[in-house]
Amino acid sequence: FPLEMVAFPTQQVNLHIFEPRYKQLIRDCETSGQTFGLISVNDGTIREYGTEMRLLEIVKRYEDGRLDIKTEGVSVFRLMKFEKKLADKLYPGGQVRDIEAIDDGDPELTAKIHRSLQKLFRELGVNRDMTGKNVFQMAHYVGMSSQDEYHLLTAANEKERQVMMLLHLKKILPAIKQGKLIRERIRLNGHFRNIDSI
């Protein structure tokens, strides 16, 4: 599922499906319970890392076959081989290697992140509780660029992600205070995204 966005494990992503190949993929997921890979694309180039996604719900079926679906990230993988079209299928596929989830978060770093997040949300006038959330679960709420989100996805462990998050917050807080950051970037992406071809 090549897409110009980054999804994280545990993140829920809403998608609008309209191409025949992806409609077939979602039908296969619905009938077999299989997961699918959402692989990040940058300037038309498929990146190495992606996220295994689980179909949670088909929210709406349109008369012309289009679908609104709700999905959830499961785990990170590395793409070893990509095929534009699988045999007997309309959609692409490939061979992947699962990346082990290493949960070695540092409680002191967690506390620092939460203090910085409280400052950020206070500046934005947002009331959002991040208690008990890991870095992946926080990432889409802090105005990271797509490139930064991808680097976060490829980080080896939670402690490395915590350091990346703190560096980002240290950089972004002064910008917000000075009004240089577009505040609309920091929001929940709850709409249904179109899946565009590559």
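Strand β2 (residues 12–17) is mostly covered. Of its 6 residues, 5 are buried, meaning under 20% relative accessible area, with exposed set at over 50% and partly exposed in between (1.4 Å probe, protein chains only). Strands here are DSSP E runs of at least two residues, helices are H or I runs of at least four, and both are numbered from the N terminus. This is a predicted model, where local features need pLDDT of at least 70, side-chain atom pairs count only at pLDDT 80 or more, and totals for chains, interfaces and linings use all residues. Residues are numbered from 1 along each chain as its sequence is written, and side-chain values use heavy atoms, without hydrogens and water.

Follow β2 to its partner. It pairs with strand β5 (residues 67–83) in the antiparallel sense, over 6 bridges; pairing requires at least two DSSP bridges between two strands. Within this pairing, Asn 14 stands opposite Lys 70 of β5.

Now turn to strand β4 (residues 45–61), which holds Leu 55. Leu 55 counts as buried because its relative accessibility is 18%. Its C-alpha atom is separated by 7.8 Å from that of Ile 26, 29 residues apart along the chain.

Lys 112, Arg 115, Lys 119, Arg 122 and Lys 177 form a positive patch. Patch residues have over 30% relative accessible area and no salt bridge, with like charges joined within 9 Å. A salt bridge puts a side-chain nitrogen of Lys or Arg within 4 Å of a carboxyl oxygen of Asp or Glu. Helix α2 (residues 107–124) gives the largest share of the patch, 4 residues. Arg 115 lies in this helix. Arg 115 counts as partly exposed because its relative accessibility is 48%.

Notes
Patch = residues over 30% accessible without salt bridge, like charges linked within 9 Å, V, L, I, M, F, W, Y side chains within 5 Å. Areas by Shrake-Rupley, 256 points an atom, 1.4 Å probe, with all protein chains shown as cover. Lys, Arg positive; Asp, Glu negative; His and termini not counted. Charge placed at Lys NZ, Arg CZ, Asp CG, Glu CD.
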